[in-house]
Every structure is written in C-alpha cells, then in structure tokens.
Amino acid sequence: MKNIYIITGANGFLGNNLVRALSQDPNNQIRALVSSLKRADALQGLNCELFEGDVTKPETLVDIFAVPTDAKVCVIHCAAVVYIKSKPNPAVYEVNVLGTKHVAEKVLEIGAKMIYVNSVHAIPELPHGEVMKEVANFDPAKVEGIYAKSKAEAAEYILDMVRTRGLDACIVHPSGILGPYDFKTSHLTQLVIDVATGRLKAGVKGGYDFVDVRDVVAGILSACAHGEAGECYILSGHYVSVAELLQLITRAAGREPIKTVLPLWLAKLTAPLSEIYYNIKKQPPLYTKYSLYTLESNANFSHAKASRELGYSPRQIQTTIDDTVKWLKQAGRI
C-alpha cells in the first residue's frame, strides 16, 4: 500500500520542496493542494496529483481528503500567510488560524496524522542570552506582531485538539527559511536577489537564525514517521548576523562586499518608506518595523530536541546561500 501525503500550500516555498523530496519515492502518493491550478508552476513536472482548494473554505477540501478508509495518510499543513508589513491584513487570521482549524477537522475526520508547520515566532521570546526551547502552551498575548499572534493561536488550538479530541498531530517550528526553489519569492529570497544584483547598497545591524528549506523538509518527513502527538519540534539552523549573511551572498554572486552598515534606529526611521517602495515595486518588503524588531530580538533557538528525536541536522549556511544563488541564476532571476 502506498503512503498518502496531503500537502497544503504545496505550491509555496516549503510546500514544493516537500513535494520534490517525497516524489523521489515511487511508493508515495502525493496530493497537493494549490490555490489555483493555473498558478502551480512550482510543481510542474513533479509526481503529484493537484487539487484546487482554499483552506479558509472547508467545502473546497472535500476532494483532496477523499482517501481510502484503510489508507495510511499524513497531512502536512504548510499553507500560511507570512506577513511582516505594518498594515493590518485580515488574510493572516483567516488563513493561519481559521484555515488551520478547517484542516485539523478534516484530519480528524479521516483519522490521519497531521504535521502542522508553525513558526519559531509563536514561541515567547526570552531575554538575550537565554536559550529558547519548545513550549507546551501558546498565548498570542505573549508574542509580537500579527503573524506571530496568528501562529500562536493556531498552535494552541492544535494542541487543545490533541488533548481533548484525540487528534494525532505534532507541530514543527522552523526559523527563517532560505534555499532553492522559491518560485513565489519570499522576503529572504528577495533579499538574496537584491544583494546579488547590487540593488541593496547597505545592511543593518542585528541578525537571526536561518535554516535551509531542505533541512526543514527532512525534519518534517522525520516527524511524519517519528513525531509524537502533542509534541513540538524546533527546526532551527544557525544564528547569522546580517553583515555575515550579506557577505556570504556577495561572495556567492561574485560581487563586491557591502561595507555600509546602518544602525537599527536609522533603519527604523526609514522603514515606512521601504514598505512604500516595495509596494510600488510589487515585491516583498525587506525592512519593516516588524522585520527590524526580529533582527534585534533573541534568536537563540535550540533544535536539540529535534536532533535527538527526529535525527535532525541542519547544514551550514554557506552551502544554503551557494545553492540559492546557483538556483536563482539558473532560473534567470539574477
């Protein structure tokens, strides 16, 4: 019997990388949920069955969840709105919270296992110098930003379903995801493009924890096999300063290093203008009030639990950057 994997947000950055990994095994039957069959370029040529649907509309999920009653099914819920802008956006709550509830109900209905892809942003920040590990409860009031609050609310809902209704689900918390095959251009991929093409002339102080998308995929697939219901696993990588990240990108792209580093207070003053600029360009903004808050926050996340229980082992950031720049060049993006 084939293993059936249902992946929401399958044409997204993480989703299409999951499909790529799973399609290497002919014993896997992959059901990919996309928002539009006309905009599924990331999955072109991959061994998966496409289903058009919207996690905010449960009636559109009927077909993808119509599986044989005796099938072994794992649902990987990737669909999410990653949002760092200042302007309120109702889609963040609708997709990240209501959409997660709808998917969880379907998972419970067919008796499948669920891997919910959350974020380290849902974990309350500890003072600098302290190590952040997995938590057993989530509270939107304890995190900053509408994206983090939506992820915290959804995570608590999933754990409550595990406790009260027997949902077989565990949660993974990736940090800042980088890597190849980002067809939709996330904020971090936009950063790589802007640096590699010379459009970005200055960096800022601060840094964050970055992880390769392929390592997140490996962690998720291990969670499908070994993750315990009600458990959370941080899938972090390595802390890298912005200055070091820019140096790695310029080196991989064969460009001169960026030597200008702006203090965060100055970047915060110009952040509103940055949002306006990227809105005009119709590109993901790099510097917003929230992204700058993130760069000076405590990003000391431990993936010791995932390493111990899932065999998780993130690669070095240099490899990730090299592969990302290589793919962007091959795709004609830089």
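Tutor: Strand β1 (residues 3-8) runs parallel to β2, and five bridges join them. This is a predicted model: local features need pLDDT of at least 70, side-chain atom pairs count only at pLDDT 80 or more, and totals for chains, interfaces and linings use all residues. Residues are numbered from 1 along each chain as its sequence is written, and side-chain values use heavy atoms, with hydrogens and water left out. Strands are DSSP runs of E with at least two residues, helices are runs of H or I with at least four, and both are numbered from the N terminus. Two strands pair if DSSP finds at least two bridges between them.

Start at Y5. Its bridge partner in β2 is I30. Y5 also stands opposite C74 in β4. β1 and β4 pair in the parallel sense, over six bridges.

Strand β2 (residues 28-34) has six of its seven residues buried (under 20% relative accessible area; exposed is over 50%, partly exposed in between; 1.4 Å probe, protein chains only). β2 is therefore largely enclosed by the rest of the structure. Strand β4 (residues 72-77) is likewise largely enclosed, because five of its six residues are buried.

Go on from β4. Four bridges join β4 to strand β5 (residues 113-117), and the two run parallel. V75 finds its bridge partner in β5 at M114.

Next, an open sheet. Three strands form it in the order β7-β9-β11, with mixed pairing. β7 (176-178) and β11 (238-241) are the edge strands, each pairing on one side only. From one strand to the next, the twist averages 50°. β7 and strand β9 (residues 207-212) run parallel, joined by three bridges. G176 stands opposite F210 in β9.

Now the helices. Axes are lines fitted to C-alpha atoms, for helices over the stretch in contact; angles run from 0 to 180 degrees between N-to-C directions.

Take α6 with its partner α4. The axes of α4 (residues 187-196) and α6 (residues 242-253) come within 9 Å and cross at roughly 60°. The two are therefore oblique (under 35 degrees is roughly parallel, over 145 roughly antiparallel, 65 to 115 roughly perpendicular, the rest oblique). L191, V192, V195 and A196 in α4 are in contact (heavy atoms within 4.5 Å) with L245, L246, I249, T250 and A253 in α6. This contact has eight nonpolar residues, one polar and no charged (Ala, Val, Leu, Ile, Met, Phe, Trp, Tyr, Cys and Pro count as nonpolar; Asp, Glu, Lys and Arg as charged; the others, Gly among them, as polar).

α6 also meets α10 (residues 317-330). Their axes come within 9 Å and cross at roughly 45°. So α6 and α10 are oblique to each other. The crossing is right-handed. From α6, L245, L248, I249, R251, A252 and A253 meet I317, Q318, I321, D322, V325 and K329 in α10. By class, the contact of α6 with α10 holds eight nonpolar, one polar and three charged residues.

One more pair. Helix α1 (residues 13-22) packs on helix α5 (residues 213-226) at an angle of about 65°, with axes 9 Å apart. Their crossing is right-handed. F13, L14, N17, L18, A21 and L22 of α1 meet V213, R214, V216, V217, I220 and L221 of α5. The contact of α1 with α5 has 10 nonpolar, one polar and one charged residues.

How values were computed: A crossing is left-handed if the near helix is turned anticlockwise from the far one by less than a right angle, and right-handed if clockwise.
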